[in-house]
Amino acid sequence: MKNIGIWMDKEKAHIITVKDDNEDMTTILSGIENFRIHGGSGTRFKGGPQDVVQDSKYLEREKHQFKAYFKEIIPFIKDADKVAIFGPAKAGEKFEKELIENHKEISEKLEGVFKADSMTENQTKALVREYFKKYKKNIF
C-alpha cells in the first residue's frame, strides 16, 4: 500500500511517500511570489492624490502561480492509495479544492486536510508515518 502525506504551504511542499514502513521525501518549491501591494497617498499631505491599487491583477497572477505549483505536485500523488494533506496555511485547502474540481480520481483517495505547524523534515516524516499507522490500525 502506497500512502502519501503532503506538508505544504505557500513556499514549498514536502511529499512523503510511505510504503512498507519506509519513507521517501521529495520537496517541491512553489515559485509563488510574495506580493506586497503598495498604494495609498502619493504625497505627505492629507487628502492628497491617491494611487489606485489594482490588487485584482496580483490575485489573478497568484492564482495562476498556485495552479502551476499544484500541477507540479499531481504526478507525485496520482498513483497513491491514500493521500493526506498537512500544513499551516490555506495552501492545503486550495490544493484540496483543485483536486476536487479537476482531479476526481485523486480526490477520492484524499483522507483530508489537517492543520500542522512548520516542522523540520524529520518531524514532517514522523507526522506522516504516525498518521498512516493510526489509519492502518483503524482499518483492521
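Mentor: Before we look at this predicted model, keep one definition in hand: rings of Phe, Tyr and Trp count as a pair if their centres lie within 6.5 Å. In this structure, Phe66, Tyr69, Phe70 and Phe95 form one aromatic cluster.

Trainee: How many aromatic pairs does the structure hold, and what makes the pair of phenylalanine 70 and phenylalanine 95 tilted?

Mentor: The structure holds seven aromatic pairs. In the one formed by phenylalanine 70 and phenylalanine 95, the ring centres are 5.0 Å apart and the planes stand at 45°; planes under 30 degrees apart would count as stacked and planes over 60 as edge-to-face, so this pair falls into the remaining class and is called tilted.

Trainee: Why is this pair said to tie together parts that are apart in sequence?

Mentor: Phenylalanine 70 lies in helix α1 (residues 55-77) and phenylalanine 95 in helix α2 (residues 91-102), so the pair joins parts that are 25 residues apart in sequence. Both phenylalanine 70 and phenylalanine 95 are buried, and buried means under 20% relative accessible area.

Trainee: What is the class of the pair formed by phenylalanine 114 and tyrosine 131, and is phenylalanine 114 buried, exposed or partly exposed?

Mentor: That pair is tilted as well, with 5.3 Å centre to centre and 50° between the planes. It links phenylalanine 114 in strand β7 (residues 110-115) with tyrosine 131 in helix α4 (residues 121-139), 17 residues apart. Phenylalanine 114 has a relative accessible area of 30%, and because that value lies between 20% and 50%, the residue is called partly exposed.

Trainee: How do you know that strand β2 is mostly covered, and how does β2 pair with strand β1 and with strand β3?

Mentor: Six of the eight residues of β2 (residues 12-19) are buried. Strand β2 pairs in the antiparallel sense with β1 (residues 2-8) over seven bridges, and with β3 (residues 22-29) in the antiparallel sense over eight bridges; since at least two bridges are required, both count as strand pairs. The hairpin of β1 and β2 has three residues between the strands, whereas that of β2 and β3 has two, with aspartate 20 in the turn showing a positive phi of about 50°.

Trainee: Which residues have the most contacts inside the largest nonpolar core?

Mentor: They are Ile6, Met8, Tyr69, Ile73, Ile77, Phe95 and Leu99, in a core of 21 residues. Helix α1 gives the most to this core, with six residues. Not counting residues up to four places away in sequence, phenylalanine 95 touches Ile6, Met8, Phe70, Ile73, Ile74, Ile77 and Ile85.

Methods:
Residues numbered from 1 in each chain as written. Predicted model: local features only at pLDDT ≥ 70, side-chain atom pairs only at ≥ 80, totals over all residues. Heavy atoms only, no water. Phe/Tyr/Trp six-rings, centres within 6.5 Å; stacked < 30°, edge-to-face > 60°. Helix = DSSP H or I, 4+ residues; strand = E, 2+ residues; numbered from the N terminus. Buried < 20%, exposed > 50% of the residue type's maximum accessible area, 1.4 Å probe, protein only. Core = buried A, V, L, I, M, F, W, Y, C linked by side-chain atoms within 4.5 Å. Contact = heavy atoms within 4.5 Å.
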